[in-house]
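Take a moment with the sequence and the model. The text below walks through them step by step.

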Amino acid sequence: MSDRLLVATRKGLFIARPEGGDWRLGRPAFLGEPVSAVLHDPRDGALYAALRLGHFGTKLHRSDDGGASWNEVGVPALPAEGENPKALDMIWTLAAGGAEEPGVLWAGTLPAALFRSADRGESWQLVRGLWDVPERARWMGGGYDDPGLHSVLVDPRDARRLTVAISTGGVWRSADGGETWRLAGQGLRNEYMPPGQEFDRVVQDVHLLSCCAAAPDAVWAQHHNGIFRSTDGGESFEEVTAAAPSRFGFAVAAHPTEPGTAWFAPAVKDECRIPVEGRMVVTRTRDGGRSLEALSEGLPQADCYDLVYRHALVVDGTGTRLAMGSTTGNLWVSGDRGESWRRLAGHLPPIAALAFAAG
Amino acid sequence: MPRIAFTPNLRRHLACPPGEVGGATLRAALDEVFAANPRLRGYLLDEHGRLRKHVAVFVNGEPVGDRAALSDSLAPGDEVFVFQALSGG
């Protein structure tokens with residue numbers, strides 16, 4: 001049972017709690033500060049919030065009391081290499097390590113790098129094996145000037161098996177806890193590349209990876225160019241061609257136990273990025289991508305300009321409840337697998353990320 | 001000794017009272033402040049020791065020239081003010 005919904009916005013972190021069969025949104029923490037990533041660690045119940053302060057840099061805070069109080073912990077540092085080394089811009093994603101490695105966290109950053117903490121975020125170490133891959137020289141900025149690492153999948157069967165994705169830099173896998181990395185993602189197709197380079201695995205602009213927790217080889221990719229599905233943990237992908245009303249989008253949420261089920265938030269490509277014809281829908285496949293249905297009940301069906309960022313469509317551990325947040329500050333929840341939606345809030349700051357927290 | 005003061009906006013995040021500092025350069029003066037207040041370093045400087053893009057330091061009303069090495073010299077009686085350039089949205 002998920003009993004909290006964390007809402008990371010441009011102006012603070014909101015926590016919604018169930019109340020009388022509904023959700024009640026609390027007062028924000030970090031009011032006025034951009035929150036770029038949020039994590040609930042199911043191993044110890046800790047909450048993490050990454051801030052991207054406009055003046056004073058990236059900060060990470062941890063709460064050990066369900067969000068009542070927060071303590072600042074450490075942040076990753078990019079290596080001092082070259083004449084004008086890059087500085088950390090933001091923590092884009094946070095992931096908990098395996099069940100057998102308490103305290104281990106992963107952070108994906110902008111500029112693109114992967115960091116590991118072994119002490120609940122107090123200190124961070126660069127994952128040098130990924131930083132040093134020669135292909136890093138060919139990573140490019142996606143929506144930001146620099147490439148960014150936005151997806152970290154930790155295999156629940158073996159926490160040494162990691163899969164990450166970079167926009168733009170493709171899908172990378174490690175089988176040894178991050179020591180060594182291999183470029184994966186065969187079959188991903190980037191339409192906007194020059195002819196002949198569409199399938200170059202280094203240039204793939206994956207917007208987000210999401211995998212089925214109970215069957216982690218089932219990996220879904222919302223890619224700049226469309227929706228792709230992998231049945232081998234991200235080694236190779238097949239394109240989902242049935243993706244009406246649009247194959248473009250940022251977010252994807254994989255069902256926690258049904259490997260053939262996933263949800264997406266489509267938008268008009270490439271730079272326009274609004275709902276197709278002003279109608280907000282969530283698309284869902286239940287047959288491994290052979291077909292997608294557009295779900296619209298409770299969502300605005302005219303004059304809608306909301307965009308859902310990549311970390312702002314989530315499903316809970318039961319696969320029943322979903323939440324979706326937009327850049328326009330709308331927050332919708334569904335209690336029936338996305339069949340119908342209800343607006344929980346309509347005047348929030350732009351929403352960057354959501355997370356369900358159980359327990 | 002030079003005097004150093006900080007924007008009230010920083011106080012939302014951590015305590016940083018004004019005070020007198022030693023040091024013949026801005027770098028030395030800030031290092032002295034950070035020795036007593038280690039968390040402040042990450043708010044003013046990036047991981048490479050440069051002033052953050054949206055942090056400004058004025059000495060006697062003039063912006064410092066060297067935002068990377070912080071080599072501007074300080075003299076007794078100088079007034080150092082640390083504040084933020086505009087950022088938001």
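In strand β3 of chain A, the bridge partner of A:Ala16 is A:Leu25. The strands involved are β2 (residues 12-19) and β3 (residues 22-25) of chain A, which run antiparallel and are joined by four bridges. Two strands count as paired if DSSP finds at least two bridges between them. Strands themselves are DSSP runs of E with at least two residues, helices are runs of H or I with at least four residues, and both are numbered from the N terminus. β2(A) and β3(A) form a hairpin with two residues between them. In its turn, A:Gly20 has a positive phi of about 60°.

The model is predicted: local features need pLDDT of at least 70, side-chain atom pairs count only at pLDDT 80 or more, and totals for chains, interfaces and linings use all residues. Residues are numbered from 1 along each chain as its sequence is written, chains are lettered from A and ligands numbered from 1 in the order in which they are written, and side-chain values use heavy atoms, with hydrogens and water left out.

Stay in chain A and follow the loop between β3 and β4 (35-40), where A:Phe30 sits. A:Phe30 is not a glycine, yet its phi is positive, at about 60°. Next come two cis peptide bonds. One joins A:Leu110 and A:Pro111, with omega about -10°. A:Pro111 lies in the loop between β9 (105-110) and β10 (113-117) of chain A. Another joins A:Ser167 and A:Thr168, with omega about 0°. A:Thr168 belongs to the loop between β13 (162-167) and β14 (170-174) of chain A.

Further along chain A there is an open sheet. Four strands make it up, in the order β20-β21-β22-β23, with antiparallel pairing. Which strands stand at the edges? They are β20 (249-254) and β23 (293-295) of chain A; each has a single partner strand, so one side of each is left without a neighbour in the sheet. The twist averages 30° from one strand to the next, where axes are lines fitted to C-alpha atoms, for helices over the stretch in contact, and angles run from 0 to 180 degrees between N-to-C directions. β20(A) and strand β21 (residues 262-266) of chain A run antiparallel, joined by four bridges. Here A:Gly249 stands opposite A:Pro266 in β21(A).

Now turn to chain B. Its open sheet has five strands in the order β2-β1-β5-β3-β4, with mixed pairing. β2 (19-20) and β4 (62-63) of chain B are at the edges with a single partner strand each, so one side of each has no neighbour in the sheet. Strand β1 (residues 3-6) and strand β5 (residues 79-84) of chain B pair in the parallel sense over four bridges. B:Ala5 stands opposite B:Phe81 in β5(B). Helix α1 (residues 26-36) of chain B lies across β1, β2, β3 (55-59) and β5 of chain B, and runs at about 65° to β1(B).

How do the two chains meet? 21 residues of chain B are in contact (heavy atoms within 4.5 Å) with 22 residues of chain A. Chain B and chain A bury about 1500 Å² between them, 49% of it on carbon and sulfur atoms. Buried area is the accessible area (1.4 Å probe) that two parts lose on being put together, summed over both. In chain B, B:Tyr43, B:Glu47 and B:His48 lose the most area to chain A, together 33% of what that side buries.

Two salt bridges are counted between chain B and chain A. A salt bridge needs a side-chain nitrogen of Lys or Arg within 4 Å of a carboxyl oxygen of Asp or Glu. A:Glu33 forms one with B:Arg12, with the closest N and O atoms 2.8 Å apart. Helix α2 (residues 38-44) of chain B gives the most to the side of chain B that touches chain A, with three residues.
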